Amino acid sequence: MVQAASSAAGSPSNDFNPYEVLGVSPIEGFDMVKAAYAKKKKDAEKRGDEATATELEKAYDKIMMAQLTKRKKGETFGSFKVSKDIKFADKLPIVPWGPRPTKSDPKDIKINIAISAVFTAWIFIQRSAEYKPLQFLAFVFVYRIFEKLKAFEPPVSPTFTEEGEDEGRMLRMGKRLLRSLSLVFGCIAVASLGYTGILNLIEVAGGYIPRFLYYNQEMLITASTAVMLYVMASFYR
């Protein structure tokens with residue numbers, strides 16, 4: 001079954017199976033393929049194993065090219081369709097800089113919900129902590145989203161300077177960091193503006209603002225931001 005699926009996915013040859021190199025099944029979703037590639041290549045680079053890193057890159061490129069040839073037709077192998085990231089790779093989203101649906105693996109989702117729960121519990125217990133829970137929450141999720149963006153970043157051919165440094169590395173890191181900051185502080189802005197908007201709406205309607213709502217601004221903003229950041233880090237990038 002694996003051999004048949006591999007052939008249907010466009011495995012290039014019998015002596016070089018890119019799925020075996022990456023340690024994934026041919027029927028896995030493309031997000032899993034990307035995650036496996038990023039993890040194995042990172043480990044190889046840490047060990048200084050350039051041969052393995054090159055082999056991983058070739059395997060990833062072969063799988064991507066095989067899916068690219070099928071993306072417009074939406075061909076399937078087994079019950080799995082070509083990844084949407086590949087099928088619509090040449091179509092830009094309506095808002096290019098906006099969040100894009102990308103589900104994390106179950107382990108990362110559990111970590112994200114645990115982080116959100118810890119900071120939510122902190123602010124619910126203290127009620128007021130000079131926004132320290134929100135600050136630490138933002139810092140942690142900037143890192144979490146930054147690492148997620150790194151894992152899903154498409155492979156590139158590095159250009160080295162005379163000193164042997166990858167001249168595009170800092171630029172790529174800067175873009176990931178900027179996007180991470182934008183997504184995290186965007187969630188904080190939405191939570192803050194939402195809180196203020198609710199108060200203004202109640203006031204305009206001539207209603208009475210509940211004491212709980214009025215005197216727990218920090219708690220409500222921090223808790224709602226924690227929920228949004230969990231969703232953002234787990235299901236978007």
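This is a predicted model: local features need pLDDT of at least 70, side-chain atom pairs count only at pLDDT 80 or more; totals for chains, interfaces and linings use all residues.

Colleague: Which residues does the "transmembrane region" annotation cover?

Modeller: According to UniProt, in an unreviewed entry, residues 177-199 and 219-236.

Colleague: What makes up those spans, helix or strand?

Modeller: Residues 177-199 are 100% helix and 0% strand, and their end C-alpha atoms lie 33 Å apart. For residues 219-236 the figures are 94% helix and 0% strand, with the end C-alpha atoms 25 Å apart.

Colleague: And the chain overall: how many helices and strands?

Modeller: Ten helices and two strands. In sequence order that reads α-α-α-α-β-β-α-α-α-α-α-α.

Colleague: Why are α6 and α7 called roughly antiparallel?

Modeller: Helix α6 (residues 106-126) and helix α7 (residues 132-151) pack at about 170°, their axes 9 Å apart. Angles over 145 degrees count as roughly antiparallel, so α6 and α7 get that label.

Colleague: How do you know that they touch, and which residues meet?

Modeller: Contact means heavy atoms within 4.5 Å. Among the residues that meet are I111, I115, F119 and W122 in α6, and F136, L137, V140 and F141 in α7. The contact divides into ten nonpolar, two polar and three charged residues.

Colleague: What percentage of the chain counts as buried?

Modeller: Of its 237 residues, 35%; the cut-off for buried is under 20% relative accessible area. The chain exposes about 14900 Å², with carbon and sulfur atoms supplying 61% of that.

Key
Residues are numbered from 1 along each chain as its sequence is written. Side-chain values use heavy atoms; hydrogens and water are left out. Helices (H or I, at least four residues) and strands (E, at least two) are DSSP runs, numbered from the N terminus. Buried means under 20% relative accessible area, exposed over 50%, partly exposed in between (1.4 Å probe, protein chains only). Accessible areas come from the Shrake-Rupley method with a 1.4 Å probe; for residues, only the protein chains shown count as cover. Axes are lines fitted to C-alpha atoms, for helices over the stretch in contact, and angles run from 0 to 180 degrees between N-to-C directions. Angles under 35 degrees count as roughly parallel, over 145 as roughly antiparallel, 65 to 115 as roughly perpendicular and the rest as oblique. Ala, Val, Leu, Ile, Met, Phe, Trp, Tyr, Cys and Pro count as nonpolar, Asp, Glu, Lys and Arg as charged, and the others, Gly among them, as polar. UniProt positions are given in the numbering used here, feature names are shortened, and annotations may be inferred rather than shown by experiment.
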